Amino acid sequence: MSLQPIQDPGLPTHVHRRADTDPIAAKRAERQVASLFLTSALGTILFIYAYVGIPRDQLLFLPVIGTTNAHELFLGLGLAISLFFIGMGAVHWAKTLMPNHEVIEIRKEQRSKEEDRQALIQTVQEQGATAGLGRRTLIKRTLGLSLGLVGIAPILLLRDLGPLPGNDLNETSWKAGTRLVTDPGDRPIRPSDLEVGAVAQVLPAIVPGSYRSLNDIAKDALLLIRIRPEEFNLDAERLSWTYQGIIAFSKICSHMGCAVALYEQTTKHLLCPCHQSTFDVTRAAKVIFGPSARPLPQLPITVDAEGYLIAKAPFNEAVGPSFWGRDSA
Amino acid sequence: MSVGKKAVGSVANYMDERVGAAKWMKKTLNKVFPDHWSFMLGEIVMYSFVILLLTGTFLTFWYDPSMRIVEYEGSYEPLKGIEMSAAYASSLEISFDVRGGLLMRQIHHWAALLFLAAMVAHLLRVFFTGAFRKPRELNWIIGVGLLTLGIVEGFLGYSLPDDLLSGTGVRIAEAIMQAIPVVGSYISYFVFGGAFPGYIFIPRIYIVHVLLIPGIFLALITAHVMLVWYQKHTQYPGPGRTEKNVVGYPMLPVYAAKAGGFFFIVFGFTAFLGAVAQINPIWVYGPYTPAQIGAGSQPDWYMGWLDGLVRMAPPLETYIFGVTISWNILIPGLIIPGILFTLMALYPFIESWITGDKREHHLLDRPRNNPNRTAIGAMSLTFVLVTLINGGNDLLATNFDLSINQIMWFTRIGVFVLPPIAFVVTKRICLALQRHDREMLLHGRETGRLVMLPHGEFIEVHEPLSPEKAFLLSSHEQLPALTAPEEDSRGVALPRGLRNKLRARWSSANAEQIDKPTADELKEIEHH
């Protein structure tokens, strides 16, 4: 096995390069290296020119790349040339003119000499003995205890990184009677604003002057879709949550929380662009493809006295991705 | 000349009288580095890291890590007057109002992609050539740590601009946190300082991205390179190269010039990409809001395989005793990556347990001479590739007019079927190549020259190999399989019988080889 059937012929004999023997070739190599370094210098000049000479908003059309910012393009090209050719010059220099004799260095095993290893063990044992590590068990145990406990301090300090979730994940701003308003625009919506086949993104109305944060939007965003009522394939309860063919789903994907933004009108499917979970609008957003395990939560809607769409009741389940304490019954 | 010499001399004298480094420096400057293109892959990683530090520092001078809502007033017309986070507004400022800012942002992004690509290529080189074997197992583990951190660092980096695409990525990360059993929602609330997206996530990941992880990188890369230095580099087998020596060029001047020059080449290359190839055009995506998303949302390539796994997961969720367990997120998002990275980190120890080989190795393997390892590598690569394909299933579907559902089903099945096929095929190819090596040694190289013999028969002339080539093809060792007893001499099962059985079985699979010609066989040929 470790027996080699063929003798090691040893390192191949060193072959001289042309520049090693021919002074003209060496001179040529020198000139090549010098011109590479000079090219780099020209690159820096291009860089300086681009910085001061090309306006910040100068556009330029180039085939393949398209329209691009000339200022940034030539800054970049100048920088690329100046850096790249320093490198090329150095490597060419090394390959043509620097000595190319391969050298052999001898390796030694990583393992220390046996006497050194013994000496180390002895030292450690002796020093340990002088410190009384083996004898004074009370010190050893209390030290272990204190070292173990001191680790709690930094972990405890992290407690104020954030509040506890509490019931937060189960709640949204939608309450019975909350008006649906357009996003953007904040206009209340009448059923007649939506044609059959239309889809709209809506949010809960807020008190004028108050502020809607991204945290709210992350839970409240709603998709409103109108189809012909006879196309629904829902049980009586879910059907009562719709209004004249208008159905409202949470826009936050029940898989990982992306915005479920792609609606295919002909098939009445909603598709999440992140992981392709596909939901059937006619069957209360039932998952028909992809990794999501739950339909999108449906918001019961109706109209108020003025004829504007409102929430009939809050969501009856948590919106967005699952979590440990989620009531998914 | 003499002035220069004198200056060098006096600097050297000054330093040596203070730190006494002459002896160490002398040794260092004569240190030998083996030369091979594949040894440059690790260098690319190190150089991209330096490029990332330089360009990243430039970006921090303008970037404002704040989620405070501002109205955009910069020079990019389409977004004027729109409300957005200060982080996004300052990223736009870097892109449109700082001269060279867009260039630096693009170099930074390209260098990050190169950093991880070179890391993976370097890892594959180390794996397929067996460079991770004793005494280099520790460096392998450091490398796995660097890869893991690199993926996290890259993700945080493209989350910082707070555009619509990056916010979508953060939302997915939040969903993975929430899926962790028992403590998931607590972890998420601690990380985000409350509900998603909150106001504090960007400042927090900023300090992690620019200080914490780069600091750990610096320490780990230093340790990694110091170990290479101390243990001396591995070398490919060949004439004159043994386990006991290292053949190559001395540190000064050849290696220093080549390595130093190569840094500038890598930097120049990323600068060129930054100049001509647009990457992550954040102004197209718009500011992040949880209610919107762009079609074709894609992570960077090193996250693509994870995203692909998540996409292909079956819709499994358990609701039991009032708690929800999201298998569709846990399995692809945490369990499988956890198992894969653990197995990868432990691979050197698994292999040495199977082979029973506890010796030091400094000569690299040719991948064909270790068919099992090469096949395991091909199998893992195939797995990642199939998941990566699914990570881009939406783009594949739109660009090649395919059905996304079909791609999904292809990868769902393929992720189980294709890796084992890759294993078997690769192992067969390795053995075939070994057979070819044996043929070459015994019968020489086919010259393609046909000769008609006097009696009319055509033969192809074979030429004997050069002694160097013949040595290369025959110098590797072929370890026999381990035999571990399952029963003692009286037929009583040993306590570790099952373990031994497993080890023996793996070991015999690992030892499957085409016997290389023996000295006798070769001698016989010579007498022909």
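Start by selecting residues 371–391 and 404–443 of chain B: these are helices α14 and α16, whose axes come within 8 Å and cross at roughly 160° (axes are lines fitted to C-alpha atoms over the stretch in contact, with angles running from 0 to 180 degrees between N-to-C directions). α14(B) is therefore roughly antiparallel to α16(B), a term for angles over 145 degrees. The crossing of α14(B) past α16(B) is right-handed (the near helix is turned clockwise from the far one by less than a right angle). Colour the contact by class: 18 nonpolar, eight polar and one charged residues (Ala, Val, Leu, Ile, Met, Phe, Trp, Tyr, Cys and Pro count as nonpolar, Asp, Glu, Lys and Arg as charged, the others, Gly among them, as polar).

The model is predicted; local features need pLDDT of at least 70 and side-chain atom pairs pLDDT 80 or more, while totals for chains, interfaces and linings use all residues. Residues are numbered from 1 along each chain as its sequence is written, and chains are lettered from A in the order in which they are written.

Next, show both chains. 98 residues of chain B are in contact with 85 residues of chain A (C-beta atoms, placed from the backbone, within 7 Å). On the chain B side, helix α10 (residues 251–276) gives the largest share, 18 residues (helices are DSSP runs of H or I, at least four residues, and strands of E, at least two, numbered from the N terminus).

Then select 103–106 of chain A and 245–250 of chain B. Strands β3(A) and β4(B) pair there in the antiparallel sense over four bridges (pairing needs at least two DSSP bridges). Val103(A) has Gly248(B) as its bridge partner.

Definitions and conventions. Contact = placed C-beta atoms within 7 Å. Parallel < 35°, antiparallel > 145°, perpendicular 65-115°, else oblique.
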